[in-house]
Amino acid sequence: MSVAGLKKQFHKATQKVSEKVGGAEGTKLDDDFKEMERKVDVTSRAVMEIMTKTVEYLQPNPASRAKLNMINTMSKIRGQEKGPGYPQAEALLAEAMLKFGRELGDECNFGPALGDVGEAMRELSEVKDSLDIEVKQNFIDPLQNLHDKDLREIQHHLKKMEGRRLDFDYKKKRQGRLPDEELRQALEKFDESKEIAESSMYNLLEMDIEQVSQLSALVEAQLKYHRQATQILQQVTAKLEERSFLQFVKIILNSNPVLQSACNPSQLGIIHILYMHTPYAFIQIIYEDIE
């Protein structure tokens, strides 16, 4: 830095100290400017916290998040492709269910049922992975870009404006001891920086409909996930109900040779429909026949 540059920095520091410690009054900014500055500050803090909380919502296990971040960081350093995704709880549960379902085998009821639910959990984990990707692309990444680009640029303009204000106020206090041209140039630079900062803040706040669109993308992604999850759970529920029904019929038939000889496998579908729609009437008929 040149001698002139060092001198200017010293003048700014002197003015700042005189305002903070000595109570000197600097150039006041208008209320509209200060309100825009407040809203931009709130927006910046909101973006940072919401991004953090969204990641925690999608990936609730802090230990897994830390491990995943470390793996991805090491992959980047080594120039490798992105590492594995977040280990979804549904996938871990599916793995355990499928493993023990295979070990139990098809000779019992619990084993195949574990297989059905395990497969459903595996599908749920895949749907959750899709949710993670979609939310990252359509919500987190745009917010990150807003923070890294627009908000950072505004902070740069505000910092530059504040430096020029300090320089102008320092010289204004010494009016008469400094050339008028130097004071005029300091004022012009301050006004220029103020206008740029004001314009950038105005543009950001006026275009906040983009953030509304990003929130909409977050909600739509969750709605899609819950619809798919509901469909998967409904399907596995139907499978479990069918297994329960077949086992129930098996117990009834084994206890009643007359019914067993009168019922063949092709009739189970009809019996199942009767059971699903009128379970109490079905059970009553069965027990009347047994008696």
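At what angle do the axes of helix α2 (residues 31-58) and helix α6 (residues 180-206) cross? In this predicted model, the axes of α2 and α6 come within 10 Å and cross at roughly 55°, an angle that makes α2 oblique to α6. The crossing in which α2 passes α6 is left-handed. On the side of α2, the residues that take part are F33, M36, E37, K39, V40 and T43, and these meet K194, A197, E198, M201, Y202, L204 and L205 of α6. By residue class, the contact of α2 with α6 comprises eight nonpolar residues, one polar residue and four charged residues.

Helix α2 also packs against helix α5 (residues 110-173), the two axes coming within 10 Å and crossing at roughly 150°. Because angles over 145 degrees count as roughly antiparallel, α2 and α5 are described as roughly antiparallel to each other. The crossing of α2 and α5 is left-handed, and the residues of this contact divide into 18 nonpolar, five polar and three charged.

The highest confidence is found in helix α4 (residues 89-104), at a mean of 95, and the lowest in helix α10 (residues 279-290), at a mean of 48. Over residues 285-291 the pLDDT falls below 50, although this stretch has eight contacts in the model beyond near neighbours in sequence. Where pLDDT is low, predicted coordinates should not be read in detail.

Key
Residues are numbered from 1 along each chain as its sequence is written. This is a predicted model: local features need pLDDT of at least 70, side-chain atom pairs count only at pLDDT 80 or more; totals for chains, interfaces and linings use all residues. Side-chain values use heavy atoms; hydrogens and water are left out. Axes are lines fitted to C-alpha atoms, for helices over the stretch in contact, and angles run from 0 to 180 degrees between N-to-C directions. Helices (H or I, at least four residues) and strands (E, at least two) are DSSP runs, numbered from the N terminus. Angles under 35 degrees count as roughly parallel, over 145 as roughly antiparallel, 65 to 115 as roughly perpendicular and the rest as oblique. A crossing is left-handed if the near helix is turned anticlockwise from the far one by less than a right angle, and right-handed if clockwise. Ala, Val, Leu, Ile, Met, Phe, Trp, Tyr, Cys and Pro count as nonpolar, Asp, Glu, Lys and Arg as charged, and the others, Gly among them, as polar. Contact means heavy atoms within 4.5 Å. pLDDT is the predictor's confidence in each residue, from 0 to 100.
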